[in-house]
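Open your viewer and get ready to select a few pieces one at a time. Each stop says what to pick and what you will find there.

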Amino acid sequence: MTEQIIYLNGEFIPLSEARVSVFDRGFLFGDAVYEVIPAYGGHLFRLEEHLTRLDDSLRGIRMQNPLSRQKWRTLLERLSECCPDEDQSLYLQVTRGVGDKRDHGIPKTIQPTVFAMANPMNRPGPEVYAEGISVITLDDIRWQLCNIKATTLLANVLARSQASDEGAAEAILVRDGKALEGAASNLFIVNSGLIITPPKSPLLLPGITRDLILELADDAGIPWCEADIHATELANADEIWITSSTKEILPVTILNRHPVGDGKPGPRWDHMMTLYRAYIQLVRG
Ligand SMILES: Cc1ncc(COP(=O)(O)O)c(C=O)c1O
């Protein structure tokens, strides 16, 4: 097998040759942001939207984007060409860079570390879509800038780990009685045919998949609204979905060990999934 090629600070190199200093602030402080971008049949999916969110994340941590949009596109396309899989997930990370000592204060001059790689997409198998997934709710113990796609993900990691211990695939995070999003996904419910998702705010990540679903719902004339989802509404929803770039739209059929609706993926999910797949087919060309 040929070795994976990754991008690091201007170079395309074999993974085994990649080195980052232990003084990198991404390593020491989680002082870094990232993006995960799908590619279908060699086409980067919603790249402009992902790069706009990257700009927002960088602004949120007081950093400038080290690369132009064109440079990002060129490097991601080149990485994608190195990966033999039809469907891929591209990961990019920008850290503040390497300081000369461990110090919280941001150095005046520092060069960002830029890392990117392409991996096979690894989407859930057909049985997961057929049966749906089980989730649990947990207190949201994250900070108050969850709109920034920061690599500082310890709270999300612990939430996912607890979900896994309890036989669930995802944790839905609840703050002040409101269900906001999953540990690595956005949240939708369906009530009497109406699709509901929490409004964008600093308490959740503005998901690219989330926005696309709302666009597709608009185009198809499916009613939707942005509204707070109280934990009790979540428990009584007809359907629950979680969404992300790599999971696409997953139906939740068990919430806190109780069936959601009739315990099967619902008709709105089925319709939306058909629209989503058709959209991907268009992109694939
Ligand atoms: C906390 C969180 N919310 C939402 C999402 C979904 O975002 P996207 O649809 O852009 O992948 C993710 C993706 O990883 C996430 O980590």
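Helices here are DSSP runs of H or I with at least four residues, strands are runs of E with at least two, and both are numbered from the N terminus. Before going further, note that this is a predicted model, in which local features need pLDDT of at least 70 and side-chain atom pairs count only at pLDDT 80 or more, while totals for chains, interfaces and linings use all residues. Residue numbers run from 1 along each chain as its sequence is written.

Now step back into α2 itself. From first C-alpha to last, its 14 residues reach 20 Å, close to the 20 Å expected at 1.5 Å a residue; the expected span is 1.5 Å times one less than the number of residues. Select L47, H50, L51, R53, L54 and S57, the buried residues of α2. Buried means that 20 or more other C-beta atoms lie within 10 Å of a residue's own, exposed means 12 or fewer, and partly exposed is in between, with C-beta atoms placed from the backbone. Look down the axis of α2: the buried residues fall within an arc of 160 degrees, so they line one face of the helix. The arc is taken over the directions from the helix axis to the C-beta atoms. These buried residues of α2 pack against β3, β4, α3 and α6, where contact means C-beta atoms, placed from the backbone, within 7 Å.

Follow that packing to α3, residues 69-82. Which of its residues are buried? Pick W72, L76 and L79. Seen down the axis of α3, the buried residues keep within an arc of 60 degrees, so they line one face. An α-helix has 3.6 residues a turn, so residues three or four places apart point the same way. Turn to the other side of α3 and you will find Q70, T74 and E81 exposed. The cover over the buried residues of α3 includes β1 (5-8), α2 (47-60) and β5 (87-95).

Next, select α6. Its 13 residues should span 18 Å at 1.5 Å a residue, and the end C-alpha atoms are 19 Å apart, which agrees. Buried in α6 are I208, T209, R210, L212 and I213. Among the elements covering them are α2, β14 (239-244) and α8. Just past the end of α6, G221 has a positive phi of about 70 degrees.

At the contact, I213, L216 and A220 of α6 meet M272, L275, Y276 and Y279 of α8.

Then centre on G266, in the loop between β16 (258-259) and α8. G266 is buried, with 21 other C-beta atoms within 10 Å. Beyond its neighbours within four places in sequence, G266 contacts V190, D238, E239, P251 and G261.

For a last stop, go to C146, in the loop between β7 (133-139) and α5 (154-165). The C-alpha atoms of C146 and L204 are separated by 4.9 Å, although the two are 58 residues apart along the chain.

Methods: Contact = placed C-beta atoms within 7 Å.
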